[in-house]
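Here are my notes for you, as numbered points. Have the model open while you read them.

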Amino acid sequence: MYTKLDLYEKAILTITKEQEKIVGKTLSIQMTALVDNLLVKNNRVEIKGDPKIVLKDLVDQYASLFGKASIEVSKEAIKKLGHELESSDIPENLK
Amino acid sequence: MNLMSILKNTTFRLLSIVFAIYTLAWLYLNLINPWNESFNNAFTDSYGIIAGIGGIAGFSIAKKWGGIKSVVGRSLLAFSTGLTFNFLGQVSYAIYFYVYKVENPYPSFGEIFYFGSIPIYIIGAWLLAAASGSKLSLASYRSKKIVSILLPISMMLLSYSVFLKSYEFDWTQPILIFLDFGYPLGQAISVSLAILTFYLSKGTLGGIMKSSVLLIVTALIIQYVSDTTFLYQTFQDAWEPAGTSDLLFTISYFLMSLAILQFGEVVDKIGAGKKLKCTQN
């Protein structure tokens with residue numbers, strides 16, 4: 001049974017995996033690791049702070065590369081999760 | 001893009017010095033000491049070194065962006081290969097001139113590189129468009145879909161009308177016919193993709209990479225103008241070494257190389273653990 005935190009971490013991994021197709025594996029992991037309150041270790045992530053804010057910051061981090069184009073990649077990634085995350089759990093920059 | 005950080009880059013410094021030397025040389029040859037045959041030939045046979053520097057640097061930068069495993073990596077590999085091919089094409093022509101004493105030996109072995117760079121640049125531009133969000137733009141706007149179809153067709157028709165309308169076929173030279181058609185039509189597709197990348201990315205492309213992407217687009221457009229000028233002058237038997245087309249090629253090689261180096265700066269910055277400023281569209 002997944003907790004909400006697990007779902008957020010899954011979302012972050014999914015976004016990182018999708019961004020990897022655009023910018024490469026090394027860079028995508030480095031970008032994700034730069035997000036505050038997020039620990040990246042051995043292909044897993046661990047959220048230390050507010051998960052919704054961490055997810056928002058992740059999207060913003062990638063947006064700093066290619067702008068809206070990067071955000072769209074993140075949105076596509078979230079769509080793959082289906083309805084696992086409720087609408088109220090998704091930050092504004094991913095809607 | 002942080003100007004100060006790229007100024008510290010050794011490859012950028014080398015590239016800038018070489019570009020400045022060639023620009024000053026061109027000004028000297030065209031404004032102060034017009035028509036000095038040996039200097040003009042030396043200029044024409046060597047400015048491709050700028051493309052060589054950019055191409056070689058670009059391969060390692062492409063690897064940092066994921067190489068063949070990522071869209072941006074593949075795009076940078078394509079542009080780096082294109083630059084390297086342009087350099088090797090010039091080396092080939094220089095060998096013809098200095099070893100075999102043949103000036104402007106079109107078509108020749110060098111076409112493997114010069115013509116080979118066209119499909120490579122097309123692939124690079126296509127991938128760059130994908131990274132810039134053009135797919136989203138195409139999906140959202142019907143008008144953009146129409147432009148995406150009409151622009152390449154229009155450019156090819158324009159190239160045909162300028163270069164090929166009165167073309168006289170010599171079927172004893174099929175390779176020449178292939179190249180005479182292939183160059184203008186292939187370049188028309190390449191520049192169309194560059195223009196479309198700009199057009200389709202408006203509204204989606206932002207962030208710190210926007211300027212680098214637009215720099216590549218500009219370089220491709222200038223290269224198209226260079227190629228067109230060269231072809232036109234060649235067909236009119238009016239091409240001269242160290243002329244306008246050579247200067248334009250020099251500029252396009254420099255801009256393309258500079259853009260690739262900027263991609264390198266960003267990936268190094270991220271690798272060093274520095275956050276990028278969030279600058280969306």
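1. Let me start in a loop of chain B. Pro107(B) sits in the loop between α5 and α6 of chain B, where helices (H or I, at least four residues) and strands (E, at least two) are DSSP runs, numbered from the N terminus. The peptide bond that joins Tyr106(B) to Pro107(B) is cis, with omega about -5°. Please look at this bond on your screen.

2. A word on conventions. This is a predicted model, in which local features need pLDDT of at least 70 and side-chain atom pairs count only at pLDDT 80 or more, while totals for chains, interfaces and linings use all residues. Residues are numbered from 1 along each chain as its sequence is written, and chains are lettered from A and ligands numbered from 1 in the order in which they are written.

3. Asn104(B) is in the loop between α5 (71-98) and α6 (111-114) of chain B. Asn104(B) has 15 other C-beta atoms within 10 Å and is therefore partly exposed; a residue is buried if 20 or more other C-beta atoms lie within 10 Å of its own, exposed if 12 or fewer, and partly exposed in between, with C-beta atoms placed from the backbone. In sequence Asn104(B) and Pro241(B) are 137 residues apart, yet C-alpha to C-alpha they are 9.2 Å apart in space.

4. Lys101(B), found in the loop between α5 and α6 of chain B, has a positive phi of about 60° although it is not a glycine. Lys101(B) counts as exposed because it has 8 C-beta neighbours inside 10 Å. In chain A, Asn43(A) also is not a glycine and has a positive phi of about 60°. Asn43(A) lies in the loop between β1 (38-41) and β2 (44-47) of chain A, and with 9 C-beta neighbours inside 10 Å it counts as exposed.

5. Now the helix pairs. Two packed helices are described by the angle between their axes and the distance between the axes. Helix α4 (residues 49-64) and helix α12 (residues 244-271), both of chain B, cross at roughly 25° with their axes coming within 9 Å. Axes are lines fitted to C-alpha atoms, for helices over the stretch in contact, and angles run from 0 to 180 degrees between N-to-C directions. α4(B) and α12(B) are therefore roughly parallel to each other (angles under 35 degrees count as roughly parallel, over 145 as roughly antiparallel, 65 to 115 as roughly perpendicular and the rest as oblique). The crossing of α4(B) past α12(B) is left-handed, a term used if the near helix is turned anticlockwise from the far one by less than a right angle, with right-handed used if clockwise.

6. Which residues of α4(B) and α12(B) meet? Among them are Gly54(B), Ala57(B), Gly58(B) and Ile61(B) in α4(B), and Ser257(B), Ile260(B), Leu261(B) and Gly264(B) in α12(B); two residues are in contact if their C-beta atoms, placed from the backbone, lie within 7 Å. The contact of α4(B) with α12(B) divides into 12 nonpolar, 5 polar and 1 charged residues. Here Ala, Val, Leu, Ile, Met, Phe, Trp, Tyr, Cys and Pro count as nonpolar, Asp, Glu, Lys and Arg as charged, and the others, Gly among them, as polar.

7. The second pair is α10 (residues 174-201) and α11 (residues 210-235) of chain B, which pack at an angle of about 155° with axes 9 Å apart. That makes α10(B) roughly antiparallel to α11(B). α10(B) passes α11(B) in a left-handed crossing. The residues making the contact include Gln187(B), Val191(B) and Ile195(B) of α10(B), and Val217(B), Ile221(B) and Tyr224(B) of α11(B). By class, the contact has 12 nonpolar, 3 polar and 1 charged residues.

8. Finally, the two chains together. Their contact takes 20 residues from chain A and 29 residues from chain B. On the side of chain A that touches chain B, the elements giving two or more residues are α1 (4-23), α2 (25-33), α3 (51-66) and α4 (68-79) of chain A. The largest share, 5 residues, comes from α3(A). The residues on this side of chain A divide into 9 nonpolar, 5 polar and 6 charged.
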